[in-house]
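Please read them with the structure open.

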Amino acid sequence: MRRLVVYFSAFLVVNAALIANTFSLSFYQNMTDNVFQNRYSERDQLSSLNFYLDKDFSKVSIFTEGNYAYLYDNPGLSYYFHDAGLDYLHALNEKTAFYFSVVGQGAFYRSDYSDFNYLSLHFLGAFKTYLSQTSILKSNYAFEYKGYSYSLFDFISHFLDVSFDTYFQTKTTIKAEVSWGYKYYLHPDASQEAVIEEGQGYRGGRDSYIYIPRTVYEGKAIQIFSANGLIAQGLGGKIGLSLSGMKQWTLSGENPFTSVEEFYVVENPSYDSFSWEGYQVSSQLTILVPWNIELKMGYTRSEKEFPGIESMDLEGNPLGVTRQDTRDVFEARVEKDFSSFSLFLSYFYVNNRSNDPFFDWQGNFFSAGLEWNVFFGGKK
Amino acid sequence: MRKSRYVILLLSLVILQAAVLGQETDHYYNVDTEKKVRGTIQMIVMEPRYKDSSPFLIVILEERKTKEMFNVEISPVRFFSQDFHKGEELEVVGSIYSLDGQKNIIARQIRYRGEIFMLRDKHGFPAWRGGEMTQKKKRKGKRF
């Protein structure tokens, strides 16, 4: 009987792969000396296995993806992530098109972090038109709902952006973009229960504040606005250089938690693009070296302030100032695409300086990946 | 004996399904007519190409050496993920076919702004995906 179940399961996987137009498997290996991105550096390795399937039905595509990630030194943070959705592309005329997608997602963490478990729904509507053959106008609207195991994090958000870019005969592209976002916490003050985990475990010296809602908190929503600019220059056919800048303002609202934290690779619900205001500047050099290997090198500097988040000393006493971080990131990435698989290696060095000493940190991050694609169906 | 029956049954089903799904449609990618063309983009349009399929992003390319014009089939959803402009250089590897006196290329690989994009595998099977707009960002590790 057990054998029959194994055969049947194997058949289902093969069958699903055959029904699909695309079936891909990928494996990523990540290493870091600072998985929790704070002053108490902690090493870990993360292995991630990913599968992806999609299938076209006339003008609609359906797709599904699963991702299991295992952390060797912090297995309690391991998770399985799955999403499924559909998308549709509609051309209005030969220069204009709309794109729509609806995606349902779920994240399931091991018991230590089960508060991070969530189910979510995303909707994306995109519009693109060529104003001329060298100028493009684009707009995107995104809606997201996320419901967490720990309902304090539950939210809905709206995001709208409009961009315009134009290309000059000097091989220069200039792009300008403005974005507006609105995030509404469904119940930020539903619970005043403070779940403090003593800091002898994964965080080093200071208690965990992430689960503590702020006791004084006005309003449930955060509203942001950002302006972005980019200039890109092609140097021959094999070198590309780009410089970009972004300024973001918090128009209203503030973070409803007493602390904001980021983890390496693992999503942390206290931190996202709504958490901060400030600026970011980036430069990137892309070179196509022999054997069609892509090499990318970049530098990013950001200065972020986290509205509503008060810096604390290492004992957890308030310092009376809003948390501010200045971050320098150096990155290098090498990628090679083969006909049915691709390989990549990347390295990041991050130096984060903060007026909250707990978040004064440096880290080295390595990733290596193998992605294997199998294609089925017609060749059209 | 019973085990062998299951294996045979399952293999038969898999082979039958693969045969049905592998049927070809319209014009298709022919590896024997594959060619590399390097040129300058003259026009970008969205155009229906295949029955019951989303319209394709078509780039009209002028070959650098011969000044010959090619209609390059990229993919449907790349219209959103790739911002081509007139005047930009593009290198295409793909299968050539002629239709109504026009030279067309079904692109398998493009090189653009110092980056390479694989659109099909070496046999010509499409590599673009549903949800590409939403999926691509989270792949290949974290960005800070």
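1. Which side chain meets that of A:Lys183 in a salt bridge? The partner is A:Asp272, with 2.5 Å from N to O. A salt bridge here is a side-chain nitrogen of Lys or Arg within 4 Å of a carboxyl oxygen of Asp or Glu. The two residues are 89 apart in the chain: A:Lys183 belongs to strand β9 (residues 172–185) of chain A, and A:Asp272 to the loop between β11 (239–252) and β12 (277–289) of chain A. Strands are DSSP runs (E, at least two residues), numbered from the N terminus.

2. This is a predicted model, in which local features need pLDDT of at least 70 and side-chain atom pairs count only at pLDDT 80 or more, while totals for chains, interfaces and linings use all residues; side-chain values use heavy atoms, without hydrogens and water. Residues are numbered from 1 along each chain as its sequence is written, and chains are lettered from A and ligands numbered from 1 in the order in which they are written.

3. Chain A has a mean pLDDT (the predictor's confidence in each residue, from 0 to 100) of 86, and 84% of its residues reach 70 or more. Residues 193–205 of chain A fall below 50, yet this stretch has 34 contacts (heavy atoms within 4.5 Å) in the model beyond near neighbours in sequence.

4. A:Lys183 counts as buried at 1% relative accessibility, whereas A:Asp272 is partly exposed at 21%. Buried means under 20% relative accessible area, exposed over 50%, and partly exposed in between (1.4 Å probe, protein chains only). A:Lys183 also lies over the face of A:Phe155, 4.3 Å from the ring centre. For a charge over a ring, NZ of Lys or CZ of Arg must be within 6 Å of the ring centre and within 35 degrees of the ring normal.

5. A:Arg323 likewise has two partners to look at. Its charged end sits over the ring of A:Phe306, 4.5 Å from the centre, and its side chain forms a salt bridge with A:Asp325 at 2.7 Å, N to O. Both A:Arg323 and A:Asp325 are buried.

6. A:Arg301 and A:Asp328 form a further salt bridge, with the closest N and O atoms 2.8 Å apart. The pair connects β13 (residues 293–312) with β14 (residues 318–337) of chain A, over 27 residues of sequence. A:Arg301 is partly exposed at 24%, and A:Asp328 is buried at 8%. In chain B, a network of salt bridges links B:Lys36, B:Arg38, B:Glu91 and B:Arg111.

7. The whole structure holds 34 aromatic pairs over all chains. Rings of Phe, Tyr and Trp (its six-membered ring) pair if their centres lie within 6.5 Å; planes under 30 degrees apart count as stacked, over 60 as edge-to-face and the rest as tilted. A:Tyr40 and A:Phe358 make a tilted pair, 5.9 Å centre to centre with 50 degrees between the planes. These two residues are 318 apart in the chain. A:Phe358 is buried at 2%, while A:Tyr40 is partly exposed at 28%.

8. In chain B, four of the five residues of strand β3 (residues 69–73) are buried, so this strand is largely enclosed by the rest of the structure. β3(B) pairs with β2 (residues 56–63) of chain B in the antiparallel sense over five bridges; pairing requires at least two DSSP bridges. B:Glu62 stands opposite B:Met69. Three bridges join β3(B) to the parallel strand β5 (residues 102–112) of chain B, where B:Ile105 stands opposite B:Val72.
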